[in-house]
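Good morning, colleagues. I would like to speak briefly about the surroundings of two ligands; please look at the sequence and the structure first.

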Amino acid sequence: MTSLPPDLDPQKIPQHVAVIMDGNGRWATSRGLPRIAGHRQGARTLKELLRCCKNWGIKALTAYAFSTENWQRPIEEVDFLMLLFERMLRRELAQMHQEGVRISLIGDLSALPSSLQTEMEHSMTETLNNQAIHFTVAVNYGSRKEITTACRQIAQLVQQGKLSPEAINESLVEKHLYTADTPAPDLMIRTSAEMRLSNFLLWQMAYTEMYFTDILWPDFDADAFHQALLSYQKRDRRFGQVKTFFSA
Ligand code: IPE
Ligand code: IPE
Ligand code: MG
């Protein structure tokens, strides 16, 4: 689908969508395939979703690709995922750059294979000034680690006498997160019937609308995304207030 479906209100399109891409393994297993086949298909799904977001006027998409806990999976699966990330970046970069996609990678990237880190750095610098859509992929990402790292950085500034404890406020904390200077997600979608955050953007999603679907990630297509947006557009985002957000 290239243009916005007519039953969606262009005024109420979320600016930033976050996705927890879950269910790749079950998708593959249910077809008698190895789990990695699910990851391969899942990467295609992400590519399609990015295009869909761009076509429908969504300004940012953040995808959870690998958590700090995912290292506990079988080594073959972890290795495959690292290779897949690297291959995807290498293969898709030129096209994404041409389409105006700005790529960011968030997480503790320093623990990733060095060839992958190089590819990531290259993708980020190359696309830094692109404006069409901001595409962020979370790899070796964990919210608790992110917040802990921010605390440590702030503590160091205080210790060095560069910051007084009274000057620590929410916006300062935010500046020390991986997502500094990016607005919080408006809508979070998790596939595969799991209803939890699994350590994803805990700080950032304080007021994000949540959408859970039974669909497994590799099957999450434009129609499924359309359904998620319809649900989002029916929500009343109050942010703790009484007035409705959308009718203001
Ligand atoms: C999500 O799919 C992808 C990653 C976590 C890397 P899973 O691999 O978690 O798939 P299930 O949940 O086992 O089906
Ligand atoms: C969350 O999925 C992480 C990613 C999608 C990258 P998991 O499959 O790892 O989460 P749990 O283990 O079901 O909570
Ligand atoms: Mg899973």
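How many nonpolar, polar and charged residues does the shell around ligand 2 have, by class? The shell has five nonpolar, two polar and four charged residues. Here Ala, Val, Leu, Ile, Met, Phe, Trp, Tyr, Cys and Pro count as nonpolar, Asp, Glu, Lys and Arg as charged, and the others, Gly among them, as polar.

Let me state the conventions. This is a predicted model, in which local features need pLDDT of at least 70 and side-chain atom pairs count only at pLDDT 80 or more, while totals for chains, interfaces and linings use all residues. Residues are numbered from 1 along each chain as its sequence is written, chains are lettered from A and ligands numbered from 1 in the order of writing, and side-chain values use heavy atoms, leaving out hydrogens and water.

The residues surrounding ligand 2, with a heavy atom within 4 Å, include Y64, A65, F66, N70, R196 and S198. Strand β2, residues 60-67, gives the largest share of this shell, three residues. Oxygen atoms of ligand 2 lie 2.9 Å from a side-chain N or O atom of N70, and 2.6 Å from a polar side-chain atom of S198.

I turn to ligand 1. Its surroundings comprise 13 residues, the closest being M21, D22, R26, R35 and R73.

Definitions and conventions. A polar contact is a pair of N or O atoms within 3.5 Å; within protein, one must be able to donate a hydrogen and the other to accept it, and residues adjacent in sequence count only if both atoms are side-chain atoms. Helices (H or I, at least four residues) and strands (E, at least two) are DSSP runs, numbered from the N terminus.
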